[in-house]
Amino acid sequence: MYPGPDIPPRQWRVETTLPVAKLGAAALFLALGVYFADGDPVRLGAGALVAAGLLGWGVRDLVAPVRLAVDADGITVIQGFAGRRHLPWPEIEQIRVDTRPRLGLATETLEIDSGRSLHLFSRYDLGTAPREVAEVLRTARASRPSGPAGGPPR
């Protein structure tokens, strides 16, 4: 299905280098924990705990790399560890980009508000700038069919 005459369904995903870096960092922390443990279970446990967190985070990126998708009916977002949730266009109240200065740089976050839930996506989640994704979503939303199910865009 196409959201409009010129807009094919699209999806945005985590870049492949990100989970590889997380899994590599998990192995590094585990190795550092073993190397510096010297019989101290706290050091080994701290390294293993950080490694387990990074491992889970990296596995999520491998299991569910697609964070956001758009089609004629609405958008699909990731929910929980690797679940999906479809939001029809009438449920979406607002699509905006929040820009904040942080450490001398401006960070952008895509915000999709459905009234009952707020979904946030960074550049790392989408693999591209949130501002570009927001424009695609707004265009797809504006070109959706109107009628009882669609209604006018908000």
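Residues are numbered from 1 along each chain as its sequence is written. In this predicted model, local features need pLDDT of at least 70, side-chain atom pairs count only at pLDDT 80 or more, and totals for chains, interfaces and linings use all residues, while side-chain values use heavy atoms, without hydrogens and water.

The average pLDDT (the predictor's confidence in each residue, from 0 to 100) is 89 for the protein. A score of at least 70 is reached by 89% of the residues. Residues 147–154 have pLDDT below 50. Beyond near neighbours in sequence, this stretch has 13 contacts (heavy atoms within 4.5 Å) in the model.

The protein contains four helices and seven strands. These are DSSP runs, numbered from the N terminus: H or I of at least four residues for helices, E of at least two for strands. From the N terminus, the order is β-α-α-β-β-β-β-β-β-α-α. Of the contacts between residues at least 6 apart in sequence, 47% join residues at least 24 apart.

The accessible surface (Shrake-Rupley method, 1.4 Å probe) is about 9200 Å². Carbon and sulfur atoms account for 61% of that surface.

Helix 4 spans residues 130–142, 13 residues in total. Pro130, Val133, Ala134, Val136, Leu137, Ala140 and Arg141 are buried in helix 4. They lie on the same side of helix 4 because they cover an arc of only 160 degrees around the axis (taken from the directions from the helix axis to the C-beta atoms).

Note on methods: Expected span 1.5 Å × (residues − 1). Buried < 20%, exposed > 50% of the residue type's maximum accessible area, 1.4 Å probe, protein only.
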